[in-house]
Amino acid sequence: MMDNQFIKSTLDGWNQYWFASRAARCVVPLRVAICVTTAIWFASFVAGVDAWFGEAGILTPSLAAHLIAFGELPTWQYWSPLWFADSAIACKLWLFAGIVLSMLGVSGWGGRITLGILLAWVIAWAHRILWLAGPSEPALVAMLAYLVLEPGPSLRKCFSFRDATLEESWTVGCALRLVQTHWWVLVAAGLLTQLSDVVWWRGEAVWWLASAGRSRLLSASQLADSPSLVNALTHGVIAVQMLALWLLTVRSSRWLGIVFGVLTCLAIGLVADQMIYAILLASCLLAFRPSLR
Amino acid sequence: MPRKSNLRSRVAQAEANLQSPILDRDAWADAPNLSISPRARGFVSLVIVLHFAAVLVALASNLAPSFLQGELLRVLSPYLTTTHQSYGAVAIELTHGDSVDFPVVVQIQTDAPNWIDCDQTLMGHNSIGSRWPILARMLRIISVDAPDDGLLSEVAVQVVRYLEHSGVSEVSAVRFMQPHVLNFDEYDSVRNESMSLADFEPEVFFSAKVVRDSENRLGVVPEQEAYRNSPVSSKSQLGKSTQP
């Protein structure tokens, strides 16, 4: 009897978490933010296209083949139409088309079809850049995939206050939960990886970021007089991540968790230099809003 | 009495009307309104579990995969790689203060024998558009964990080709160098002038001569470390036994 109750409550909790219906418009701010981030991501490559993919670019298809072979994986898994059109012009067109698709995604025009094409566009570019990809690419692909499940109504419908935007669906709740869960997993993985090295326990990590020129905000000269500040910032980065992860799971403190989530993103983007990753994670925090039905 | 109860009920009704069903409740807290069939729920649940299991394997393997994680990644790679969910030494930890987290500078020699730092616009590590630090990190990891002169050579060739195409005069040698990143005490010593930056040797983890064939196609010949070179034999010793 107790076991049956436990199984039933577990299944009810699972269903409540993943399949509760929500109003379609709940996902619109999230979609807008993630698609804007996608546009920024595409735009970030434009300045370096000639250097990496041009006529005398560094990341030639032959070098890319060597990198893929080094990873001992089949080449088909790195599918991309750009392997067949290797020129700076093709890459620039791909990037500009990606920006246009992102803006269409922002507007909600085309719904799932637009977002599905955008998802494929992002993956194709991520495969072409190969070892130039950082932590933002896998996260961006995942978030776009979740939005394909439920993109929400278009902005035009939202601004016209149509009742259709209040229609409830399990896909809305599921998409939001997928984004929430993935965000939590990413930040938790980053935190655990940080704590695997003593520099974060000893309060030195921010110094290494600044001294190596890997901090957007801080430099060694700014920190040289304040070892306590270095320690405080390092421990603070750990603390805000822990607090964000905990408070976001507690319904009553969800807004406080979002505040610490924003601080986490500021740490990743400014104390370190992973700006696009930080922007993406900040966008995903919109999924945590205590939403309207 | 009837008037008071009427008044109370009317007040209660008015309050109920004022309360908007939309604004009043935390939507996440209420009992689920499940609009999905149990079979579809089961299928979607399975997909969710498998997806996040794969993502967790990828993230857990990012830093230093075990043999088991390597095998799991091999099995999951058709999903993880094709959907670009795979990780591999991605810097989700921001920094560990290791050499792989430090900047890599490409230096070249042209006509003059001194080494020149390459254009930092490409190699710069504080630009939102620069991807060099990410590639440099991977090259540094390879040089430490799985030295592959062939891969580093090919990157070097492409870098030289790009630089010459950008207007740099003919390159005769190229190397990947990591300047020494000062720890807190070292920085203090340099600032106090008790030490100088010249006291800290950079680390060169790849160095090569640039060669060109008859059709002016580029290649590089990596410089071998001294212990990897065979000793030069004099002609008088050729063919003689090496036993004492």
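Predicted model: local features only at pLDDT ≥ 70, side-chain atom pairs only at ≥ 80, totals over all residues.

Reader: Which residues touch the most other members of the largest nonpolar core?

Author: In soluble globular proteins, nonpolar side chains tend to be buried together. Here the largest nonpolar core holds 150 residues, and those touching the most other members are W125(A), W183(A), V174(B) and F176(B). Helix α9 of chain A, residues 170–195, gives the most to this core, with 14 residues. Leaving aside neighbours within four places in sequence, F176(B) is in contact with several residues, including V104(B), L139(B), L152(B) and F205(B).

Reader: How many residues of helix α7 of chain A are buried?

Author: An α-helix has 3.6 residues a turn, so residues three or four places apart point the same way. In α7(A), which spans residues 136–149, 11 of the 14 residues are buried, among them L140(A), M143(A), L144(A) and L147(A). The buried residues of α7(A) pack against α2, α6, α9 and α15 of chain A, together with α2 of chain B.

Reader: Is strand β1 of chain B covered or uncovered on its faces?

Author: In a regular strand the side chains alternate between the two faces of the sheet. In β1(B), V105(B), Q107(B) and Q109(B) lie on one side and V106(B) and I108(B) on the other, and both faces are covered. Five of the five residues of β1(B) are buried, so this strand is largely enclosed by the rest of the structure.

Reader: Which residue of β3(B) is the bridge partner of Q107(B)?

Author: The partner is R175(B), and β1(B) and β3(B) pair in the antiparallel sense over five bridges.

How values were computed. Residues numbered from 1 in each chain as written. Chains lettered and ligands numbered in written order. Heavy atoms only, no water. Core = buried A, V, L, I, M, F, W, Y, C linked by side-chain atoms within 4.5 Å. Buried < 20%, exposed > 50% of the residue type's maximum accessible area, 1.4 Å probe, protein only. Helix = DSSP H or I, 4+ residues; strand = E, 2+ residues; numbered from the N terminus. Contact = heavy atoms within 4.5 Å. Expected span 1.5 Å × (residues − 1). Pairing = 2+ DSSP bridges.
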